[in-house]
Amino acid sequence: MNPSGIQLFLKQNFDIQTVMPLIVVAATALLVLLLEATIRGKSRTFLTAVSLVGLGVALLLTLFNFPGAKQSSFYGMVRTDAFAQFFTVIALAAGSLTLLLSANYLPKIKSDTGEFHALVLLAVCGMILMAIGNDLIVLFLGIETMSIAMYILCGIRVDAEKSNESSLKYLLLGAFASAFLLFGIALIYGATGTTNIEALINSGGVLYGISGIKEYQWDTGAYQFAETAAQYFFILGVAFVFLGFAFKIGAVPFHMWTPDVYQGAPTSVTGFMAVGVKAAAFAALIRVFLGIVDFGDLYSSNAIAYQPLMDLKDVLLGVIWLVAVLTMTLGNLSALIQTNLKRMLAFSSIAHAGYALVGVSVALRLSGDDRDAAVGAVMFYLLAYMFMNLGAFGVVIMMNRGNDEGEHLHDYNGLASYRPLVAAAMAVFMFSLAGIPPTAGFVGKFYIFSAAVSAGTVEGYGLYFYSLAIIGVLNSIISVYYYLYPLRNMYFVSAEREHKVELRPLMSASILISTIFVLWIGVMPKGFLSRALEGAKALFFG
Amino acid sequence: MPLELLQLAATASQTAAGSGLPTGRMLIWILLFPLIGMTIWGILGKRLRRETVGTLASLAIGLSFIFSLGFFLAMLVREGHGAYTYTYYTWIAAGKWFSIPFGLRFDHLSAVMALVVTGVSTVIHIYSIGYMRHDHAYWRFFCYLNLFVFFMLMLVLGDNLLMMFVGWEGVGLCSYLLIGFWYDDRNHPAETNEQGTGNAIAGKKAFIVNRIGDFGFVLGIFFIFVTFSLMTNDSAELQKAYAGAAKQLHVTDVEQITPLKFSHLKAIIESWPEGSHLPVMVLTLIGIFLFVGAAGKSAQIPLYVWLPDAMAGPTPVSALIHAATMVTAGVYMVARMSFIYVEAPTAMMVVAGIGALTALFAATIGLAQNDIKKVLAYSTVSQLGYMFIAVGVGAYAFGIFHLMTHAFFKACLFLGSGAVIDFMHHKQDIRGYGGLRKYLPITHITWVIAAYAIAGLPFLSGFYSKDAILEKAFEFAPHGMHWFGYAVFGMGLAGAILTAFYMTRVTALTFWGTPRIPEEKLATFKKPPGTMKAALVILAFLAIIGGYINIPAWWSSDHKGGQYFVTWVQHWTKDKVAEERHFVQHGGAAHDEKAGHDEKAGDDGKAQNDGDKEAAEKPHKEGSEVHEGMSLGMLAFLLTLLSVGVAVIGVAAGMAKYGVKKTGAVPPAEGEKLTPLHAMIKNKYWIDELYEGTLVDPIHAGSKYVLWQGIDVFIIDAFVDGLAWFTLRIGAWVRRLQTGLIPVYVIFMVAGLVAMLIYFFAYGILEMPTFFIKGGGK
Amino acid sequence: MTGQYIPILCAAVVSVGLAAGMLLLSRILGPRNLTKRKTSTYECGVEPTGSTRERFPIKFYIIAMLFILFDIEIIFMIPWAIEFRQLGFLGFIEMAVFIGVLVVGLVYVWKKGALEWD
């Protein structure tokens, strides 16, 4: 094969450019692993630097050299559209911030291993795969790549029992969820004959009886298109796949692992899990579910003389509605009574997944620009959430004094008097998490709830979505209580003793970046929102 | 006329860049300097040296002043003296018909105000460097003071009612902060109760009383919007008026017209179609509501009670905020909205009437006060009354004129009192002073100049402005009711006598005679620093010359009448009296022209109408028969003589009772028996007690027993607490599920999955409707 | 409705039922006469020497895992080798990348000392 032929072939089928960020991150991971193994006695900062360079290059490639449009490659296995771009950016940014946060934290908890960097990079690889995956198998691959790295990251404090427990629990339950996910994928494949999401959507007809199987009707004596078992398989598959994703985003009732795992894991990993894993899982969830539920529409437009088994949209809507409500409420109620800040943030991250689910459920019933707005709101929210949550975890890390000390709420007493800037940053994050303007969290919640309200105007769904918006707002109010609690301690309670809070450069840089973005997104959300809307628009086929 | 003006402004701003004149865009710098200053002192002030903070804060305001002056000069040299306006961005927008720009307007009226505000502020900042030299919260003081100037300039320069309102509230906030500046003051334990120290209570009182006024102001704004916005009112007249206004303002689309913008509102009202009447009732209502706001801010009856208490703040604050600038905001607002008032004579009557009552009433209280700052406070209330007389009788430009001269001499008096208080170790009772001229010579001279200026003795600034106001009041005849004008004039005149009297009294008791505390003790007291003296001298100088920019018409030799100031301001204000006089003049009143100086009769006041030909050509409803048979010039001259007379009488009476020789005439000490009249005046007519008894206490009791302990505690709190308790219970229950056991977690997951599947299939097979959804997607 | 799957369901039910039934029947009907010898572990007739639940050094697991990892490498390589001509240059590159990744892993494992028994 001559070189130009190779190039052509590559271009047509394996457009390397489309997965360039992924390749860069993966290569960096390998490089870091090699360096860690071969160079001894070197500072870990060097590894951090190498990793950050890798992530930075990938970020630049994503931001400025992303194929964009609706480009599929690798035989339709990946799709590098604006939606994928948005979530790739979230994954890369989350990874970078996590590495910055960990640089000074890992020595403090005596887990200063070089593998940490490689594992974070590999987890980022998985997240990117989930963002660009256009095939259930690729999504599964992404989830597993990400999860296995996360399992190890949770247990990276080998001498801490809690960390081990966290890792083991996550592994066992994660394997359980993965099994369901894989089973679901298999069922869907069995029902439709494909795992490609695009093909799935276009094969709606197959599902609804165009499989060609006609069945003899005993009562009328005629042959009709059968209500095939494939439909049941498909619905079963959808439910299982939903379980798989819901586990990763920590939605009730598949959330039980989160507090234990989040608390046991090193704090920077917890932050990474709360934002990165969640965002990636949402990317996959949105791509799969908002796509395949369009079957109903396809059915009606194809005018096949057959009654579908059910309007999948409505069923999923009901499920996600309930899951969103439970997730928000349970997350907030549980966070309400925590006295350990890290655990509180863990529970609150459940609640935040609930808010994002509100947007997903809303998007299911909307169409056109309204749907784009709802999906864009979820994407925007996840971006905002990344910065505010990682920022908050960053402050928790800064306050950490080795082991698990410094995480209790009373450790924050009077912080404002001796570390005013740290306290101010924490205040910004807490305000943002509680959804108080002018912070990113407020804007995110605002878009999501306004999408819910606009969906309420759809005929027959008023009560449904208005109630969702109201429950969401009530939950936000509950959350204000526990988010402002640390602020009360920081600003209004005097310190019994001043804790040593070191302002190390990398960690401070991470918190500073988060603060800037939280305020920037909060004050000038337009640019970020328009990128999210672009992504949402790119998501829908045809 | 405004049409030409706007045209000129448009062309001028185009050519401005080429001719080296400043552009409107630079206006923001006038506001930015104080804002930057305030930000810096607020953040870094604690770490900077006192001198640095004080000097740089003064410099910030000084730069604002220089910019204002630059714009003013640019206006002067500019063709047609066009105003500087600039719209920076759309501040608030909602729908098609509601759009509020963030724009600044440096026109004839706001130029004067900006110059007065920044000029006096600069001087007082310089003074404060010395006055506050011992205070530990030095930086906080300058931070608030700079912030105040920022908001005041926003109030003055904002080109629409909402920006004015923001400035209005902002200065109120700064006033509150500065009155309570010494919030931890323990010098007056008697005034301290569970609500805070005396100073803090005074701050709160000012804030709350102002809220009452603001309520009126806001209602006024609402009424303006509802009446003059096409969004809420699409009557044919208004649409015609909009079309006319669009033409006048040179905008292509009526949608660009915002009724809350001063120039636009003015254009709408001026373009009101011929043959249809303006909604006078609504305009009257608007005028009265706006005046309620003005009365709150400018301490008029019945909302004046906060101002005397506001003297709890540091003296420079009293001078700047509670004498020279903020309290005059109400006058400025009425002058700014003059185009509404001239159409609503009843509203004018209310303004003038309340102004006259206040002028007299406050002056009587001033007679018997023993706290040097309280005397000045009541005098301020009284002088503000004069300003409202002026704007009430339609002589807006004269109101602004008095505002300016008052800013000079009252600031000078307050700063002088500050020097005295500083010298006397913060003793404020004039019964403990006496004979201070020997120790504070410069303070004494400046004080006397300012006191005579306020008393209205000739050749000092107060004379020119007050005299003119009384003259206009005399000619005022709303609805053809001359008696009203005469009554206002009479009350003003009576107030003038009292003013002259109490100023002489306080001057004599403070500076003249022999000291009432041992001289050897006095000799050890520290003299005020140079910065304070410098400020006093500057202001005294201004108090002398400030009046000469607008000498009475009958003084001058030419037809311009030397009324430069009033002519200038009348570019914006529509001077009703001027119109009437003009009409009288054309109606055949005799001309008695004698050029000359001093006591010779002069021109007939034609000058006022210089800028208002257009208005004069419109026939006017009333006033044609005013003062027939008598020369206006002669009348003006006689009225001047009269006011000089009363000023002299007042001073003379004061000298007679408290003068140099009469060292024994010290007011009775606390606890001594007073005559009933004296007691009544000294206790300020028990107005504060009246308010306490009739308004404050019932509201307080109602709030405490009904709203707080009744509704709040028993109903709302119980509900909220119950909810919180309930929520926490659920939270605790939920936590118990979190056992940490993997099998339990798995069971929950499976249970969730099973529930989901049951739901799926139940929905599909049994066609069971999902809860809530009516008629699903099928 | 789903008629064509009913036989499968029948088969599933019958097979599960048969297995469950036999276990159940033997449990119910069978005599239970437990002796020590009967319950002890069967080790090819030799006397059991201790508990079966013994702890092994972790090295065994590591070696086993590494073995599996590199074993699977072969599973990928054999089909590639068979189809080498069809896959061509691109296939070669892909396999090179795959092996490269594994080599990095091997280097890591080696340097970490996981291959040393002591």
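B:Ala299 sits in the loop between α10 and α11 of chain B. Phi of B:Ala299 is near 55°, a positive value in a residue other than glycine. The residue is also buried, with 30 other C-beta atoms within 10 Å. The model is a predicted one. The points below cover loops, helix packing, cores and chain totals.

**Loop backbone in chain B**

- B:Pro302 also lies in the loop between α10 (280-297) and α11 (306-309) of chain B.
- The peptide bond that leads from B:Ile301 into B:Pro302 is cis, and its omega is near 5°.
- B:His250 belongs to the loop between α8 (236-249) and α9 (262-270) of chain B.
- Phi of B:His250 is near 60°, which is positive although the residue is not glycine.
- B:His250 counts as exposed, because it has 10 C-beta neighbours inside 10 Å and the limit for exposed is 12 or fewer.

**B:Gly158 and its surroundings**

- B:Gly158 is in the loop between α5 (138-157) and α6 (161-179) of chain B.
- B:Gly158 has 27 C-beta neighbours inside 10 Å, so it counts as buried.
- Setting aside neighbours within four places in sequence, the contacts of B:Gly158 are B:Leu104, B:Met163, B:Met164 and B:Gly167.
- B:Lys261 is 103 residues from B:Gly158 in sequence, yet their C-alpha atoms are 9.1 Å apart.

**Helix pair α16 and α17 of chain B**

- Helix α16 (residues 372-392) of chain B packs against helix α17 (residues 396-423) of chain B at an angle of about 175°.
- The axes of these two helices are 9 Å apart.
- α16(B) and α17(B) are therefore roughly antiparallel to each other, since an angle over 145 degrees counts as such.
- The contact residues of α16(B) with α17(B) comprise twelve nonpolar, six polar and two charged.
- On the α16(B) side, the contact includes B:Ile372, B:Leu376, B:Tyr386 and B:Met387.
- On the α17(B) side, the contact includes B:Tyr396, B:Phe398, B:Leu413 and B:Phe414.

**Nonpolar cores**

- The largest nonpolar core has 232 residues, and B:Ala411 and B:Leu539 touch the most other members.
- Beyond four places in sequence, B:Ala411 is in contact with B:Val120, B:Ile124, B:Ala319, B:Ala323, B:Ala324 and B:Leu539.
- A second, separate core of 217 residues has A:Ala93, A:Ile143, A:Met146 and A:Phe347 among its members.

**Chain A**

- Chain A holds 22 helices and four strands.
- Of the 542 residues in chain A, 63% are buried.
- Counting contacts in chain A between residues at least 6 apart in sequence, 77% join residues at least 24 apart.
- Helix α14 (residues 312-336) of chain A is mostly covered, with 23 of its 25 residues buried.
- From first C-alpha to last, α14(A) reaches 35 Å, close to the 36 Å expected at 1.5 Å a residue.
- The peptide bond from A:Pro437 to A:Pro438 is cis, with omega near 5°.
- A:Pro438 is in the loop between α18 (420-434) and α19 (440-455) of chain A.

**Chain C**

- Chain C has four helices and zero strands.
- From the N terminus on, the order of its elements is α-α-α-α.
- Buried residues account for 0% of the 118 residues in chain C.
- Helix α3 (residues 58-82) of chain C has 25 residues, of which zero are buried, so α3(C) lies largely in the open.
- The end C-alpha atoms of α3(C) are 37 Å apart, which agrees with the 36 Å that its 25 residues should span at 1.5 Å a residue.

Notes:
Residues numbered from 1 in each chain as written. Chains lettered and ligands numbered in written order. Predicted model: local features only at pLDDT ≥ 70, side-chain atom pairs only at ≥ 80, totals over all residues. Axes fitted to C-alpha atoms, helices over the stretch in contact; angles between N-to-C directions. Parallel < 35°, antiparallel > 145°, perpendicular 65-115°, else oblique. Contact = placed C-beta atoms within 7 Å. Nonpolar A, V, L, I, M, F, W, Y, C, P; charged D, E, K, R; others polar. Core = buried A, V, L, I, M, F, W, Y, C linked by C-beta atoms within 7 Å. Buried ≥ 20, exposed ≤ 12 C-beta atoms within 10 Å, placed from the backbone. Expected span 1.5 Å × (residues − 1).
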